[in-house]
Every structure is written in C-alpha cells, then in structure tokens.
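Subject: Structure handover

Hello,

Here is the structure for you to take over. My notes on what was found in it follow below.

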Amino acid sequence: MTATRAPAAVPTSAAATGIRRRIRRMRIAAVGRVDPSSVYCVLLAIGMAAALVGQPVVAVVWPSRASGPPAPVLVVAALVLLAFFGVLRRLGPLVVSRADATWLLPAPVPRRTLLAPALLLTALAAVILGGVVGLAVAGHLAARPATATGVLAGLTGGAAAALVLVLLAVRCQHRPRTARVVDLLTGAAGAALVVAAAGERLAAGERLAGGYAPRDVLPPASAVLALAGAVLPLAVVALLWVWWRLDDWPTHRIVEASATTGSYADAVYAVEPSFLAEQSTRRYWRRRTGVRTSRLLRGGVPPLVAQDLLQVGRRPGRLGWLVPTAVAPTVLADGPTWLLIGVLLVGALAAASVSGASTHTDAANPAVLRLLGLTARQVRAQRLVVPTGIAALWCALALGLLQVAGERAGPWWAFGVAAAPAVAVAALWRAKASASSLGTVFIDTPLGAFPSGMLLWLANGVDVVAVLALPLWIGLATVSAPEPLGWHWVVTQAVLSVVSCLVLLLRPSAARTVGL
C-alpha cells in the first residue's frame, strides 16, 4: 500500500474571507454595481412622497394643539407598536434571501456576517418607527408650548419600546416555545387595549366639563425621559449581545424565515394577496398534529356546515379577535360618519369571512364537492350558515355598543342582525375569487404597469355589501341620537337581505351538480 498524505489544512478565517470575496465579485458580475440612475429614482420618489403627503403626516404626528383624552392616543400608539411586532414575527426578523439561505448557510461563512444586515435594518426601522410614534404621542398630549424635555421623552420612549419589541421578536424566533406564549400575550394585550379604549369612550360622560388637562393624568416628561434613557442603552447592549451570538443560531430557523419572507415577496411581486392567506393557512395547519374528527359529522349536521364549524372551532384565536374589532366603531364614534361606516363595513365583511378559506378551496378545487354529489344551490346554502351567524353576532355587538355609548338610539342591534345575511352573501362572493382571476388588464402608470385584478380584488365583496346593506349605511348617516331608529329600517334591511340570499340560491345555474 502507498501512504497518502493528508492535504494541508486551510485556516477557516482565510477560507471564509476568500469565499466572501468570490461571492462579492460574482454578485457584481451578475447584477453590476449600484446604478446612479437607480439612486436618483429612489431619491426622487422619496422627495415626491414628502411633497405630496408630508404636510398631512406632520399634521397627524404633531397637531397645532393638544387634543383629546390620553386613552385613545396611547391605545393607537400601542397598537401600532404591536402591529410592528406582528410584522417582525411574520418576517423573521433575522432573515436572509433564499439564494443566501441555499448557498451561503452551508458554506464556511460566519453566520454573523449573513445576519448582521438584517439585524441592523430591523433595529434601524424600529428606532425610526418608535421615534415617530413617540413623537406623535407627545404631539397629541403635550401642553403647548411644548418643551424640549417632552419632545425628547416621546422620541426616546418610542425608540426604546420598539427596540424592546425587536429583542422580543428575536427571542421568539430563536425559541418557538417562548413564541407561542408571547403571541398569546400580545394578542390578549391588543384586545385589552381596544376594550379599554371603548370603556373610556363609554365613560366619556364622566369627564370634567371644564376641559382636559393631560398633565394631571400622565407622568411627568422628565420621569418618562429618565426611564427611556435607562432602557435604551440596555436595549442597545442586548442587541450587541444578540449580534455577538449570531454564529450559534440554528440553520433551520433561518431557512424557515427566509422561505416565509420569500413567499411574501413573491405575493407582493405578483400582486396576488390571496397567496398570503393560503400560505398562512398552510403554516398554521402544518404545525398542528393530532386533529381528530368531530362528532358533528355524525350528528346529522350538513357536511359543509360541519366543515365550517370545525375550521372556526380549531382556530379560536380568530373568534377572540371579533370582540375587540366590534368595539372599534364605538372608539371611532366621535369621528366623521364616513369613517364609522367604513369601519363597520370592513369589520362586518371580515367577521363573515372567518370561514371563507373553505369556500376559496371549493372554488380552486371542486373535486370534493363533486364526490359529494351536491348541487351549487346546496353548497351555497350550507356555506351561508356559519358566516351569517358570525356576522349577526358581530354586527349586533358593534351596533349595540354604539347604542350603549349614547351615539345611537333604538333597536340598532336588530338592524345588525337583519344585515347579517347580506354580509354573508358578500363574504361568500369575495371568497370565491382571487386577484389573478378577476382581471388581467394592466393599467399604465408613471411607475410602470399595474394589474387591474388587484384593484378589483380590493373592491370585491365590499361593493356587494355596500349595495345589499344600503339601508344600514343610510340609517347610520341620517339617524343619530337622540332620534330613535324606527323598526321600518330593520324590516327594509331584512327584506333586502332575504332577497339577496334568494337571488344567490335560486339562479338557474345553481340547480346543477358541482363540476358537471
């Protein structure tokens, strides 16, 4: 036998440095360096956006005078930060591109080098968003003329809170068990904030008639600045510790986040929002095991009604969010009427769409319905049961709270129940279509062609409920307290809802078996 000499070991740092240099050269050769025209277009777009919407945004962030009680302002600020946390949970927050996840994660490249840009970008976005939110809170609540201490307290407080949420999102990405608990707590916190704002709105009559003084309720700006000044450096140190420990991150966490973010990018690029709903549904059910068949299928309940009930029952979080969303119209009761009508319209349609995934699946793949031998009329009748019940509960709660708050008088809860079948018809119509199936005509704009299917998808269902529930919207616009609502409004809406259901079910094409 001939002895074979082992090859000389190459230092890991030298190999990693050579790989990074080669990857950089390959990227430059493939896509080129930064084009000055691209930089010019980006800067021009930013300048145009600032010129168009800069003044309204400044008026929202820093109004001319302090307005309103602190509860709605603080609730809105907290909800914005929680929404930012939800986006971070969806996107990672530590993520790389799918190409880097495929080729660089297995290579001897330090993981810190790959994940540091995502961490830096996330922290920068958190500081900017948190600072703007904190400045808006100070602008709405600080006494005029505002002091430098109050402005600094708002900026540093918002930035510190956003960085803490970034750290929490990073922890959730690294520890899935912690993520489940944190997601439950943040969802409960968001719901509690909305309910608290509604409670403050219901107790509005107990406010002092002489005006409102924010300084009597809120802590001093100096105390907020001191607390934020202590939390902010600790958050920065924690982020540096996260950066230092990036090499210890498991590969599958990064790959999963990269695949999810890439799918979202594909949906945005293809302008197909239904892809996001389908992906969210698949991710949810992929993590659920041990699902057992319910007794509903053996208790004489129609099969499609039982399927909708099973889907709603196995995702109770969606039902839990119906209560705080039903409170939202009461919180916005002091605003313009068009805003109240819009919130009620979108909220009712969203509540009726809780079980819309099954209808969307039926439209995409009617094989199961063909095996059941059901006609289109039977399918539509069964699919309308659960959305009608949920929409009735949501509308009755939302309009009943408006009545309790004193904004409306009369049987408004019955008005909501009467409009529920019309809302269910609109939700069923919306669930059957996607953006790609609605329209393929492109609309030319200065920024490029835009597919018309996206615009039609946004209006799909909303236009239907706007027509079928027309008595409800007219009543909201014309009848206000102390004038009571007459029962003729309720009867008119009930007749229109029944007619809409009959038109959907008694169409000649509905008598044929699905798929034949």
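A306 counts as buried, because its relative accessibility is 0%. The residue lies in helix α11, which covers residues 303-314. In space, A306 is 9.1 Å from Q382, C-alpha to C-alpha, while 76 residues separate A306 and Q382 in sequence. Please keep in mind that this is a predicted model.

Some figures for the whole chain come next. The chain holds 23 helices and 2 strands. It has 516 residues, of which 38% count as buried. Of the contacts between residues at least 6 apart in sequence, 82% join residues at least 24 apart.

Helix α3 runs over residues 70-91 and helix α6 over residues 148-174; they pack at an angle of about 30 degrees, and their axes are 9 Å apart. Angles under 35 degrees count as roughly parallel, and α3 and α6 are therefore roughly parallel to each other. The crossing in which α3 passes α6 is right-handed. On the α3 side, the contact is made by L81, F84, F85, L88 and R89, and these meet A161, A162, L165, V166, L168, A169, C172 and Q173 on the α6 side. By class, the residues of this contact are 11 nonpolar, 1 polar and 1 charged.

Next is α12 with α17. Helix α12 (residues 316-331) packs against helix α17 (residues 385-404) at an angle of about 35 degrees, with 8 Å between the axes. The crossing of α12 and α17 is right-handed. From α12, the residues L319, L322, V323, T325, A326, V327, P329 and T330 take part, meeting I390, W394, L397, A398, L401 and L402 from α17. The contact of α12 with α17 divides into 12 nonpolar residues, 2 polar and no charged.

The remaining entry is α18 with α22. Helix α18 spans residues 412-431 and helix α22 spans residues 470-478; the two pack at about 155 degrees, with their axes 9 Å apart. That angle makes α18 roughly antiparallel to α22, since angles over 145 degrees count as such. The crossing of α18 and α22 is left-handed. W412, F415 and A419 in α18 meet P471, L472, G475 and L476 in α22. The residues of this contact comprise 6 nonpolar, 1 polar and no charged.

Q493 sits in helix α23, residues 487-505. Is Q493 buried or exposed? Q493 counts as buried, because its relative accessibility is 0%. What does the side chain of Q493 reach? It reaches the backbone oxygen of L468, at 3.2 Å. If neighbours within four places in sequence are left aside, Q493 is in contact with F415, A418, A419, A422, L468, A469, L470, P471 and L472.

Regards

How values were computed:
Residues numbered from 1 in each chain as written. Predicted model: local features only at pLDDT ≥ 70, side-chain atom pairs only at ≥ 80, totals over all residues. Heavy atoms only, no water. Axes fitted to C-alpha atoms, helices over the stretch in contact; angles between N-to-C directions. Helix = DSSP H or I, 4+ residues; strand = E, 2+ residues; numbered from the N terminus. Parallel < 35°, antiparallel > 145°, perpendicular 65-115°, else oblique. Left-handed = near helix turned anticlockwise from the far one by under 90°. Contact = heavy atoms within 4.5 Å. Nonpolar A, V, L, I, M, F, W, Y, C, P; charged D, E, K, R; others polar. Buried < 20%, exposed > 50% of the residue type's maximum accessible area, 1.4 Å probe, protein only. Polar contact = N/O pair within 3.5 Å; in protein donor to acceptor, adjacent residues only side chain to side chain.
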